[in-house]
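Colleague: I've got a new structure to look at. Can you walk me through it?
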Amino acid sequence: MKKIAILTTIIFSIGSAQSQALFEFNNRHLSQSQLWNPGFMPQYKATLSTGQTYFSAGLVGATLNGIFGSSETPLQTVTRMIDEDEKQIGIDLFQQSDLFHFGFRSKKSYFSLNSTVISEGAFRLPKDLLGLAFLGNGAFIEKDADIDFSGNRLRSYLKNTFSYGRFLSNELSVGVNASLINGITDLNIEKARFGIGTDTGTASIYSLNLNGAISGRASMLGVNVENAINDSNYNAQEAVLDQLNQIQIGTNQGYALGFGAVYRLNEKFRFSLSVQNI
């Protein structure tokens, strides 16, 4: 009997739900598994889905247990953090929203077409800024406070992907996918680092010295924000309209390729390898 599935689902892959989502992908229950590894061969004959969303978040430079779960006082926690080698604390966010997905399986092959909006964010806060707020500049008499906002970014893009997979034998399947990508938003602080030094060798009690540099880039719907601010002849409205006219057909921005393979040793062991977004 042929299996046909029409799905409209929303999955938030965070915590235990993330493990469940990975289980569904690895066992070919979801046809989008071919986007993670084009060597996966989803088990259903045909699949049509929309509205499927994945979300993940991860801390950088700290753990929840290190912040809230220890026996330290808040001042002790901040004192420990500013002495760590990692000078930033932050969070990485990822969201993938499938606008449309269609997959079809023949006896030995699988084809799929997927349209997805992907948003990625990285937000960074200098630990030494927390040190200044909680402990004052007295905690930095022997060293400069390193105020580093570098790495903050927000990016979103539309990704249209065609995937093809095929069984080469009962144990081995391989696949390839190709994507057309349209950028929507790109905000990136490439470098924003400042040093605050405390000099106690002056006639007064102390003096503060500030040094640093900042650089970045910003683009929204094809608009170069720097040009829009500094160039009176730059037509931001024309850039937006041009981007909106092109975004549906997957032109203007770039391309990506992916490869994958799955080897099934037996019912219990399966080996999967993929390379994506080349």
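Predicted model: local features only at pLDDT ≥ 70, side-chain atom pairs only at ≥ 80, totals over all residues.
Modeller: Here is a short tour, from the whole chain down to single residues.

Colleague: Fine. What does the secondary structure of the protein chain come to?

Modeller: Seven helices and twelve strands.

Colleague: And how much of the chain is buried?

Modeller: Buried residues make up 35% of the 278 residues.

Colleague: What about the accessible surface?

Modeller: The chain has about 16,100 Å² of accessible surface. Carbon and sulfur atoms hold 60% of that.

Colleague: Let's do helices. How do helix 4 and helix 5 pack?

Modeller: Helix 4 covers residues 74-82 and helix 5 covers residues 127-135. They pack at an angle of about 140 degrees. Their axes are 9 Å apart.

Colleague: Is that crossing left-handed or right-handed?

Modeller: Left-handed.

Colleague: Which residues make the contact?

Modeller: Helix 4 brings Leu75, Val78, Thr79, Met81 and Ile82. Helix 5 brings Lys127, Asp128, Leu130, Gly131, Phe134 and Leu135. By class, the contact has seven nonpolar, two polar and two charged residues.

Colleague: Stay with Lys127. Is it buried or exposed?

Modeller: Lys127 counts as buried, because its relative accessibility is 1% and the cut-off for buried is under 20%. Lys127 is in helix 5.

Colleague: Which side chain does the Lys127 side chain make a polar contact with?

Modeller: The side chain of Glu84, at 2.6 Å.

Colleague: What else is Lys127 in contact with?

Modeller: Leaving aside neighbours within four places in sequence, Lys127 is in contact with Gly61, Met81, Ile82, Glu84, Glu86, Lys87, Gln88 and Ile89. Among them, Met81 and Ile82 also take part in the contact between the two helices.

Colleague: And Leu129, how accessible is that one?

Modeller: Leu129 is in helix 5 too. At 32% relative accessibility, Leu129 counts as partly exposed. Not counting residues up to four places away in sequence, Leu129 touches Ile147 and Phe149.

Colleague: Switching to strands. Where is Phe100 found?

Modeller: In strand 4. Phe100 has 35% relative accessibility, so it counts as partly exposed.

Colleague: Which residues is Phe100 in contact with?

Modeller: Beyond its neighbours within four places in sequence, Phe100 is in contact with Leu48, Ser49, Leu113, Asn114 and Ser115. Asn114 is 14 residues from Phe100 along the chain, and their C-alpha atoms are separated by 5.7 Å.

Colleague: What follows strand 4? I see Ser106 there. Where does Ser106 sit?

Modeller: Ser106 is in the loop between strand 4 (88-105) and strand 5 (109-126). Ser106 counts as partly exposed, at 27% relative accessibility. Ser106 and Lys45 are 61 residues apart in sequence, yet 7.1 Å apart in space, C-alpha to C-alpha.

Colleague: Last one. What is the phi of Asn277?

Modeller: It is positive, about 60 degrees, although Asn277 is not a glycine.

Colleague: Why point that out?

Modeller: Because most residues other than glycine have a negative phi.

Colleague: Where is Asn277, and is it buried or exposed?

Modeller: Asn277 is in the segment after strand 12 (270-275). At 51% relative accessibility, Asn277 counts as exposed, because the cut-off for exposed is over 50%.

Definitions and conventions. Residues numbered from 1 in each chain as written. Heavy atoms only, no water. Axes fitted to C-alpha atoms, helices over the stretch in contact; angles between N-to-C directions. Helix = DSSP H or I, 4+ residues; strand = E, 2+ residues; numbered from the N terminus. Left-handed = near helix turned anticlockwise from the far one by under 90°. Contact = heavy atoms within 4.5 Å. Nonpolar A, V, L, I, M, F, W, Y, C, P; charged D, E, K, R; others polar. Buried < 20%, exposed > 50% of the residue type's maximum accessible area, 1.4 Å probe, protein only. Areas by Shrake-Rupley, 256 points an atom, 1.4 Å probe, with all protein chains shown as cover. Polar contact = N/O pair within 3.5 Å; in protein donor to acceptor, adjacent residues only side chain to side chain.
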